[in-house]
Amino acid sequence: MTTLRDTVRRSADVVVIGGGQAGLAAGYFLRRANADFAILDAQTGPGGAWRHGWESLRLFSPARYSPLPGWWMPEQPGEFFPTAGHVRRYLADYESRYDLPVHHNVAVEQVVAQGEQFEIRAAQQTWHARAVISATGSWRCPHLPRYPGWDLFGGRQLHTVSYRAPAPFAGQRVVVVGGGNSAAQILAEVSTVADTTWVTARTPRFLPDDVDGRALFDLATQRALAARRGEASAGVAGLGDIVMVPPVLAARERGVLRAEPMFQRLTPEGIAWSDGRAQRADAIIWCTGFHPDLRHLAPLQLTIDESGLPRTEGTRSIDHPRLHLLGYGDWTGTASATLIGAGRTAKATIPQVVGNLHAMTDARSAN
């Protein structure tokens with residue numbers, strides 16, 4: 001049992017929680033600003049959520065369009081769309097290249113406000129900081145919609161986070177739920193060994209074969225600019241649009257990219273629609289997205305907006321101006337959950353963080 005006597009107490013001006021792509025991007029700009037900072041990461045090694053993706057997971061943009069700030073991602077020989085393993089190696093090399101102070105295997109449990117400081121509590125480390133950047137992503141908080149009959153289904157159910165490879169589904173009847181890139185990529189490879197049914201809440205939208213994820217980022221940027229100007233953004237696609245990476249193209253050639261509308265309920269044998277149709281299934285793979293992993297911020301009692309997210313101005317918390325939330329998606333910066341988007345958001349955020357700290361120091365000196 002850990003006691004206060006066992007707990008190591010440390011301090012830094014800025015503590016970044018999360019050592020994935022967003023945390024590393026923040027670290028890069030904090031290093032350039034000569035800030036006193038530390039990055040606390042729950043993972044046992046570099047790579048963030050990319051350590052846990054399925055074996056064939058790949059970016060949907062070429063390497064040269066997926067950089068973190070300061071250093072372009074190297075090309076992967078023989079791969080136009082880099083694999084998860086290549087991204088993991090890039091993040092590990094990036095952490096080392098810029099000598100970022102990442103403390104791995106430190107799972108932050110609570111962030112508590114204490115006057116002009118935050119106390120950041122992990123199992124055997126307690127840190128104190130004047131500013132906190134939360135960059136924990138969403139991989140540890142999968143969204144699993146509970147449809148009627150959930151507990152009746154006799155087969156296997158798993159979320160994207162638990163999927164690794166198609167082999168365990170060989171010869172089975174598999175339902176893949178979700179209309180985004182993850183669902184399309186998983187469907188593409190599971191369909192090579194199993195009888196698959198694809199189910200989506202809306203008709204999937206496929207990008208043209210010669211358009212990849214860099215176009216999605218540009219379109220998202222246009223949408224954000226239009227919103228700031230109060231203009232309509234008709235025709236601007238969302239980041240959920242499906243990129244035709246090679247496995248998905250191959251699946252189209254096999255005729256498996258046919259989506260059924262969302263079912264109404266689960267049954268002991270499979271799924272059923274409201275029109276009376278039913279489909280037997282041995283397994284259901286839910287590619288239904290994630291929630292931001294913000295459990296460590298619960299003691300701060302952040303105000304939640306109508307969409308269920310903490311209220312922010314850009315990345316800055318409305319309730320705690322020295323708390324920033326980085327890399328969770330469009331609500332914390334355009335496409336900030338992507339590699340290039342995380343870098344651009346961090347570039348805008350770190351001057352705010354450092355400027356606020358300087359203002360605090362100047363105010364204390366004046367008194």
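Me: Quick one to start: which residue just after α1 takes a positive phi?
Reply: That is Asn34, with a phi of about 55°. Helices are DSSP runs of H or I with at least four residues, strands are runs of E with at least two, and both are numbered from the N terminus. This is a predicted model, where local features need pLDDT of at least 70, side-chain atom pairs count only at pLDDT 80 or more, and totals for chains, interfaces and linings use all residues.

Me: Good to know. How many residues does α1 have, and what does it reach from its first C-alpha to its last?
Reply: Helix α1 spans residues 21-32, which makes 12 residues. Its end-to-end reach is 17 Å, close to the expected 16 Å; that expectation is 1.5 Å times one less than the number of residues.

Me: And how many of the residues in α1 are buried?
Reply: 10 of the 12, and α1 is mostly covered. Buried means under 20% relative accessible area, exposed means over 50%, and partly exposed is in between, using a 1.4 Å probe and protein chains only. Among the buried ones are Leu24, Tyr28, Phe29 and Leu30.

Me: Switching to strands. What does β1 pair with?
Reply: Strand β1 (residues 8-17) runs parallel to β6, over nine bridges, and parallel to β2 (residues 37-40), with four bridges joining them. Two strands count as paired if DSSP finds at least two bridges between them.

Me: Which residues stand opposite each other there?
Reply: Val16 faces Ile133 in β6, and Val14 faces Phe37 in β2.

Me: Which strands form an open sheet, and what is the pairing?
Reply: Three strands do, in the order β11-β12-β13, with antiparallel pairing. The edges are β11 (265-266) and β13 (278-280), each pairing on one side only. Strand β12 (residues 270-272) meets β13 over three bridges, and Gly270 sits opposite Arg280 in β13.

Me: OK, the inside now. Which residues in the largest nonpolar core touch the most other members?
Reply: Val14, Tyr94, Ile133, Phe169 and Ile285, out of 65 residues in that core. A nonpolar core is a set of buried Ala, Val, Leu, Ile, Met, Phe, Trp, Tyr and Cys residues joined through side-chain atoms within 4.5 Å. Helix α6 (residues 339-366) gives the most to this core, with eight residues. Apart from it lies another core of 21 residues, including Ile17, Val111, Phe118 and Leu302.

Me: What does Ile133 touch?
Reply: Leaving out residues up to four places away in sequence, Ile133 touches a list that includes Val14, Val16, Leu30, His324, Leu326 and Val353. Contact means heavy atoms within 4.5 Å.

Me: Charges next. How many salt bridges does the structure hold?
Reply: It holds 13, where a salt bridge is a side-chain nitrogen of Lys or Arg within 4 Å of a carboxyl oxygen of Asp or Glu. One of them joins Asp293 to Arg140, with the closest N and O atoms 3.0 Å apart. That pair links distant parts of the chain, 153 residues apart: Asp293 is in the loop between β14 and β15, and Arg140 in the loop between β6 and β7.

Me: Is Asp293 buried or exposed? And what is Arg140?
Reply: Asp293 is buried, at 1% relative accessible area, whereas Arg140 is partly exposed at 45%. The two also belong to a network of salt bridges with Arg295.

Me: How far apart are the closest N and O atoms in Glu313 with Arg316, and in Glu253 with Arg252?
Reply: For Glu313 and Arg316 the figure is 2.1 Å, and for Glu253 and Arg252 it is 4.0 Å. Glu313 is partly exposed at 49%.

Key
Residues numbered from 1 in each chain as written. Heavy atoms only, no water.
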